[in-house]
Amino acid sequence: MSSGARRWGQLLGVVTICGFIVPGSDAATIDLVPIADNSLFSESADESGGATEFLFAGELFFLAPDVRRALVAFNVAGGVPAGSTINSATLTLHVSKSSFQNFNPQTGEIHRLLESWGEAGSGAATSGGAGAGADPGDATWAYRFWDATTPTSWSTAGGAFVVAPSASVAVPHSGDAYVTWGSTSAMVADVQNWLNAPASNFGWIVRVNETDPGSARRFDSRENTIDPAYRPKLTIDFSPPAASPAGKVPDGDDVSGTPLVLAKGLGGAVDLQWGVSCLGTDTDFAVYEGSLGAFTSHVPVVCSTTNLPMASLVPSAGNRYFIVVPRNASREGSYGRSSANVERPPSGAACLPQALAACP
């Protein structure tokens with residue numbers, strides 16, 4: 001074995017450390033568009049607007065007391081990591097038309113829905129203001145899922161929802177305005193519940209003053225083709241769950257087990273073997289290589305050993321050193337301590353962010 005190989009062995013014998021827990025990731029923000037939206041028309045049990053470019057809410061003027069309500073739902077669990085904490089939530093809709101007979105701002109409310117509902121293909125070729133014949137699976141004023149033979153009714157006509165609004169806002173009389181609800185504590189609670197229990201996520205129903213003729217507003221739906229920015233948007237600020245920290249591999253000192261050893265392999269390769277991490281959650285390993293004498297030069301050569309405590313690698317030219325680092329699904333552990341008993345810095349091109357945990 002060459003002297004260079006002996007140096008690898010000496011360095012590889014001290015590759016890990018017990019340490020401190022690094023806090024989880026900072027808060028993040030995500031914008032979601034609806035996975036479904038639709039409109040309900042109070043004058044008809046079988047009118048819907050699942051495929052139109054618009055949503056409607058409020059009372060008509062000439063046909064009062066006919067009312068419209070809008071439904072919107074977002075796939076929160078599909079966009080926010082499980083276990084996250086919701087910090088804030090806002091819903092933004094774009095008003096693209098208002099009544100010409102009533103110029104007053106109107107109170108718009110969103111309420112958490114209590115039952116599932118559907119969006120199908122109704123009204124694709126219409127403006128949607130008067131509704132269109134429902135397609136199977138569409139929500140209507142009377143039915144959560146319309147069907148000509150076996151429709152599924154709402155428990156309460158017009159939609160089953162929490163009476164207290166999650167948020168309210170003044171909706172202006174406009175043909176081009178954005179309206180944003182929240183963030184309120186009720187909206188945060190709604191979104192957190194949808195994240196924690198996706199099966200309970202039925203979205204919100206949008207209601208605009210239903211006792212003032214001409215209060216109706218036309219909002220753009222997720223099918224809007226004029227400008228994607230006009231589509232409904234749920235903006236969520238969240239803190240991801242704290243990532244589990246990682247530990248260290250046996251070092252022949254305070255971590256028991258097979259310490260790191262190396263042997264000359266075939267074809268100029270070096271065979272590395274080591275014991276399992278001190279933490280059972282560290283089921284995988286990464287291997288880094290650097291230039292001997294430049295002990296911060298290590299870069300990854302293997303980001304996963306596929307859960308095996310061994311690797312066979314062909315070193316680059318010159319005297320090289322290797323570091324084996326335990327890892328879990330989201331964090332990697334210690335790179336070991338230097339001869340000065342200082343934690344060796346992680347690679348500038350690390351396979352995963354580092355978070356150190358004390359061994360049991």
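A disulfide is taken here as a pair of cysteine sulfur atoms within 2.5 Å. In this predicted model, Cys278 and Cys359 form such a link, with their sulfur atoms 2.1 Å apart. Because the torsion about their S-S bond is about -65°, the disulfide is left-handed. Cys278 lies in the loop between β17 (270-273) and β18 and Cys359 in the segment after β21, so the pair ties together parts that are 81 residues apart in sequence. Cys359 itself counts as buried, at 18% relative accessibility.

A search of the whole structure finds two disulfides, and Cys303 and Cys351 form one of them, with a sulfur separation of 2.0 Å. This link of Cys303 and Cys351 is left-handed, with -80° about the S-S bond, and it joins the loop between β19 and β20 (310-313), where Cys303 lies, to Cys351 in the segment after β21, 48 residues apart. Cys303 counts as partly exposed, at 36% relative accessibility. When the bonded cysteines of the protein chain are numbered in sequence order, the pairing reads 1-4, 2-3.

Turning to the aromatic rings, the structure holds six aromatic pairs. Among them, Tyr178 and Tyr230 have ring centres 6.3 Å apart and planes at 55°, so the pair is tilted; Tyr178 belongs to strand β12 (residues 177-182), whereas Tyr230 sits in the loop between β14 (217-220) and β15 (233-239), 52 residues apart. Phe295 and Tyr321 also form a tilted aromatic pair, 5.4 Å centre to centre with 50° between the planes. In this pair, Phe295 counts as partly exposed at 39% relative accessibility, while Tyr321, at 0%, counts as buried.

Methods: Residues are numbered from 1 along each chain as its sequence is written. This is a predicted model: local features need pLDDT of at least 70, side-chain atom pairs count only at pLDDT 80 or more; totals for chains, interfaces and linings use all residues. Side-chain values use heavy atoms; hydrogens and water are left out. Rings of Phe, Tyr and Trp (its six-membered ring) pair if their centres lie within 6.5 Å; planes under 30 degrees apart count as stacked, over 60 as edge-to-face and the rest as tilted. Helices (H or I, at least four residues) and strands (E, at least two) are DSSP runs, numbered from the N terminus. Buried means under 20% relative accessible area, exposed over 50%, partly exposed in between (1.4 Å probe, protein chains only).
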